[in-house]
Amino acid sequence: MKRTIVAGLVSIALASPVLAQESVEVLHWWTSGGEAAALGVLKKDLEGQGVKWNDMPVAGGGGEAAMTALRARVTAGNPPTSVQMLGFDIQDWAKQGALGDLNALAQKENWDKTVPLALQQFSKYQGKWVAAPVNIHSTNWVWANKAVLDKAGVTTMPTDFDGFLAALDKVQKAGFVGLAHGGQAWQEATVFDGVVLATGGVDFYRKAFINKDKAALGSDTMKKSFDRMAALRKYVDKDFSNRDWNLASAMVIEGKAGFQIMGDWAKGEFLNAKKVPGKDFLCFRVPGTQGMVSFNADQFGMFKVGAGSQAAQTKLASAIMNPSFQSAFNVVKGSVPARTDVSDKAFDDCGKKGMKDLAEANSKGTLVGSMAHGHAVPASVKNGFYDVITQHFNGKLDSAAAVKAMVAAAE
Ligand code: GAL
C-alpha cells in the first residue's frame, strides 16, 4: 500500500497487488548425472505450475549426509518444505512431530488404493500420510558391460553365486576389473543385501535383518555370507576406497570393469551416458536371488511449514503422485513407479523386468525391505550393521568376529 499526500488530503493509492511467487525448498542427495536428470523432471513439472524450486542438494549416496544436514535445519527451527527420505527415517521424523499431514490430498487422490502397502507402512504415521513416495528401487541387481563380458568369454549370465565368482574370475583374467565398487559403508551394505539373500534366502533375510533374530544373525549362514563378501573383495581394484557409487558405475560404462552390484539407480547412469540395455549393458538379479526383491523407496517427507508455504507443498506432493509424472520420472531414474496403476509401456527392458519382478515378489511374499537403504531396521541399528560389514570388507574383522559383532549391533 502506497500513501501519498496530495494538497493536504491523504489519498491512499492501492499498489497493484504483487503476489509473492510460490516456492518449495527441497533437500535431497540426487547429485549424480542420472539422479540430477531424473530430479530435473520434477523441477520442470513444478516450475510449469509457477512454483519456484529452491534446490538444497547434499551429496552422498544413501543419504547419510543429507540426514545430518536435515537435523541441523530442524534444530534451527527452519526445516525445508520437503526432504528426500528412506523408510524408517520417515517414521523417526514423524515420531518427533516434524512432519505435516497430507491426508486431505491423499483422500482426494485416493493414495490408499494406489500405493503398495509395503510403502504405505513408511509413508503413513498413526494413520496420517506424512510423505509422498516417488519410486520403488531395488538393491539386488548386477550391472554388466556387454563388450567386456564378450571379450572375457562370459556368454551366459550366472544364476548362482559360484557361477558369479567364476564369471568375475574370467573378467579379471581378461585384464579388466572384475567388480567395480566404491568403498563406502552404504555401498558395502548394498552388496551385502544381495549376498545375504543369495546365501540364506528370503526367510533368513527377514529373520536376520527385519526381526533382528539373534540366532539368524549369529548363524553359519551369516558367516557364509561374510565369507562370500571376502570372496567378492578379491575382484575389487586397489583404488576402491571412498569411491562414489556413480564413479564405480562409470567404470562399467566405460569398459574398465565387468560388473557392479548396485541398486537400479545405477541404470540412470547408464542411460544418462546414452547406453542401451541389452546392447551395451546388461541387468540381472544378484545370482541366487532371482524371484526375490529387496526394495527401497524414495519418499518426499513433507515438513510442518507455515500457512504461506502449504499451497506450494501440496502442489509438490500432488505432482509427485501424478501417474504420468511417475512414469516419466522413473524411466529416467532407473526405478519403478510407487503406484500400482502405472503402465510399463514407456520403460526399457530392465525397467519392465523390475516392475514384473516387484509384482511377483509382492504376491509370492518374497519382497523384503532393503537393510542397506533403511527399509529393514531404523538408522540406530542400520548404522551398527554398516560398521561391521565395512570393517569386515576392509579386513579388520574376520567372518567369525563379524557374525558376533552383528549380534551385538542388533542389541
Ligand atoms: C538411495 C536412493 C536412490 C539413489 C541412491 C544413491 O538410497 O534410494 O534414489 O539416489 O541412494 O544415491
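Aromatic pairs and their surroundings

Modeller: The structure holds 19 aromatic pairs. Keep in mind that this is a predicted model. Two numbers describe any such pair: the distance between the ring centres and the angle between the ring planes.

Start with F88 and F122. Their ring centres are 5.3 Å apart, and their planes stand at 75°. That makes the pair edge-to-face. F88 belongs to helix α3, while F122 belongs to helix α6, which covers residues 117-123. The two are 34 residues apart in sequence, so this pair ties together separate parts of the chain. F122 has a relative accessibility of 3%, so F122 counts as buried.

Now take a second pair, F240 and F393. The ring centres lie 6.0 Å apart and the planes meet at 75°, so this pair is edge-to-face. F240 sits in the loop between α11 (220-233) and α12 (245-253). F393 sits in helix α17, residues 379-393. The partners are 153 residues apart in sequence, so the pair ties together parts of the chain that are separated by that span. Both F240 and F393 are buried.

F393 has another neighbour. The charged end of R233 sits over the F393 ring, 5.8 Å from the ring centre.

Some rings join into a group. F192, Y205, F209, F226 and F385 are linked by ring pairs into a cluster.

In general, an α-helix has 3.6 residues a turn, so residues three or four places apart point the same way. Just after α3 comes G97, with a positive phi of about 80°.

Next, follow R285 into its strand. Strand β13 covers residues 281-285, and C283 lies in it. C283 forms a disulfide with C350, with the sulfur atoms 2.2 Å apart. How many disulfides are there? The count comes to one. The torsion about the S-S bond is about -105°, so the disulfide is left-handed. C350 lies in helix α16, so this link ties strand to helix across 67 residues of sequence. C283 is buried at 16% relative accessible area. C350 is also buried, at 5% relative accessibility.

Helix α16 leads on to the largest pocket. Its space is about 270 Å³. The lining has 18 residues, and R339, T340, M355, L358 and A359 lie nearest the centre. Two elements, α6 and α16, each give two or more residues to this lining. The largest share, six residues, comes from α16.

T366 lies in the loop between α16 (349-364) and β16 (367-369). With 15% relative accessibility, T366 counts as buried. Its contacts beyond four places in sequence are V202, R206, G291, M292, V293 and A361.

Notes. Residues numbered from 1 in each chain as written. Predicted model: local features only at pLDDT ≥ 70, side-chain atom pairs only at ≥ 80, totals over all residues. Heavy atoms only, no water. Helix = DSSP H or I, 4+ residues; strand = E, 2+ residues; numbered from the N terminus. Buried < 20%, exposed > 50% of the residue type's maximum accessible area, 1.4 Å probe, protein only. Contact = heavy atoms within 4.5 Å. Phe/Tyr/Trp six-rings, centres within 6.5 Å; stacked < 30°, edge-to-face > 60°. Lys NZ or Arg CZ within 6 Å of the ring centre and 35° of its normal. Disulfide = S-S within 2.5 Å. 1 Å grid on protein atoms, 1.4 Å probe; cavity = no way out; pocket = protein on both sides within 12 Å on 5 of 7 lines; lining within 4 Å. Points joined across faces, edges and corners; volume = space filled by probe spheres on them.
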